[in-house]
Amino acid sequence: MSTLPNPGASAKAIQFHYDIGNSFYALWLDSSLTYSCALWDDHDTLEAAQRAKIDYHIEKSRARGQARVLDIGCGWGSTLHRLTSNAGVRSATGLTLSQEQAAYIGQQRWPGVHAHVESWSDHVPSAPYDAIISIGAFEHFAKLDQSPKDKIEGYRGFFRRCHEWLPPGGCLSLQTMAYENSTRADFSPFFASQIFPESDLPRLSEIASASERLFEIVSMRNDRAHYARTSLEWRRRLLRRRLEAVALIGEDAVARYDKYLQLWAIGFHIGTMGLLRLQFRKLEPARLH
Amino acid sequence: MSKQQQDDIENWLSDLIAEILEIPPSKVDRTKRFDRYGLDSVAAVSVTGMLGKHLGRDLDATAMYDYPTISTLSRYLAESMEAEGIKAESMEGAPQ
């Protein structure tokens, strides 16, 4: 299997945001360092809501009890750890473009967990996977300057790879932010230049188009209110540890994060952005009867 | 107490909006939605930041969308501050 050109954000662009320092993120994320929208159903604490989100994707990808599971965009490894420590998974492989994240996971020495600094487009597994999870990475799989056709083709490359790696009927559980009542033209220059360079959001229609005839969508939730709440909770925690944060990354950078978390909360609150949780099941080639 | 606090917040916000829009405070309609004044999400972050500093408490920027006029936002803040036992004495002067 050959590798593909990475259609999304470069390693350098990813590291710009995620490698600002693990100690900084540890100040305001929950203790598992989960940096994506939580699932607040019946949960009051960030810790519990993040664990519920991870368990949701473990269930939707049907990863429980499986031998080999892939996490594309694994962050600091909270899902990988949950898979092997709680869901009976023997081997959990994570991909990230952040060196700091991969180093952190390596330091934990979690049995059965492996993390690689590698794009999905370069990944060549030694054996197929039984289930795939991808949370909060799809936002980096396209760039703002791509044509709509190239954007969907890039996404389709991702779905094609997942299709190749899964067994018949295998599932992918995907979580991503998406454009809702907004368009590319509304993408804030502040985000594009100072927060998430080389990244673009998908539309639901683009995800549907890119995955058609490879996967069927089994279930979907739009939980944008959950991301508004998560963003505000992150900001409250950041402000409580503000002095330590300033000591780590400086006044300007903390102000930038404060602003971005508030703008994010507004976007999800008023519906310019959505938060999709999608369960895909692999389709087999159609047969004539 | 709550009405006085609400009036103080309303006056402070009216002065701030007038300053941003470069119009006299008397021209600011306290029942007009913030978005009708052309205030976007970046402005909402900025306004709630300044207002929060003035009131000595952290405000979520989303409050400007849940309470989208000077009047409704001021009433909400005055009521919630009274419920939290924050005294009007902590308020400072109008924005410079």
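## Reading a two-chain contact

Mentor: The contact between the chains takes eleven residues from chain A and nine residues from chain B, two residues being in contact if their C-beta atoms, placed from the backbone, lie within 7 Å. This is a predicted model, in which local features need pLDDT of at least 70 and side-chain atom pairs count only at pLDDT 80 or more, while totals for chains, interfaces and linings use all residues. Residues are numbered from 1 along each chain as its sequence is written, and chains are lettered from A and ligands numbered from 1 in the order in which they are written.

Trainee: Which element gives the most to the side of chain A that touches chain B?

Mentor: Helices (H or I, at least four residues) and strands (E, at least two) are DSSP runs, numbered from the N terminus. Here α11(A) gives the most, with eight residues; α9 (224-240) and α11 (251-270) of chain A each supply at least two. By class, that side of chain A has seven nonpolar residues, three polar and one charged. Ala, Val, Leu, Ile, Met, Phe, Trp, Tyr, Cys and Pro count as nonpolar, Asp, Glu, Lys and Arg as charged, and the others, Gly among them, as polar.

Trainee: At what angle do α11(A) and α2(B) pack?

Mentor: Axes are lines fitted to C-alpha atoms, for helices over the stretch in contact, and angles run from 0 to 180 degrees between N-to-C directions. For α11(A) and helix α2 (residues 41-55) of chain B the angle is about 120 degrees, with the axes 10 Å apart. The pair is therefore oblique: angles under 35 degrees count as roughly parallel, over 145 as roughly antiparallel, 65 to 115 as roughly perpendicular and the rest as oblique.

Trainee: Which residues of α11(A) and α2(B) meet?

Mentor: Lys259(A), Gln262(A), Leu263(A), Ile266(A) and Gly267(A) in α11(A) meet Ser41(B), Val42(B), Ala44(B) and Val45(B) in α2(B). This helix contact has five nonpolar, three polar and one charged residues.

Trainee: How does α10(A) pack against α11(A) within chain A?

Mentor: Helix α10 (residues 242-249) and α11(A) pack at about 125 degrees, with their axes 7 Å apart, and this pair too is oblique. Arg242(A), Ala245(A), Val246(A) and Ile249(A) in α10(A) meet Glu251(A), Ala253(A) and Val254(A) in α11(A). Five nonpolar, no polar and two charged residues make up this contact.

Trainee: Why does Trp12(B) count as buried?

Mentor: A residue is buried if 20 or more other C-beta atoms lie within 10 Å of its own, exposed if 12 or fewer, and partly exposed in between; C-beta atoms are placed from the backbone. Trp12(B) is buried because it has 21 such neighbours. This residue is found in helix α1 (residues 2-21) of chain B.
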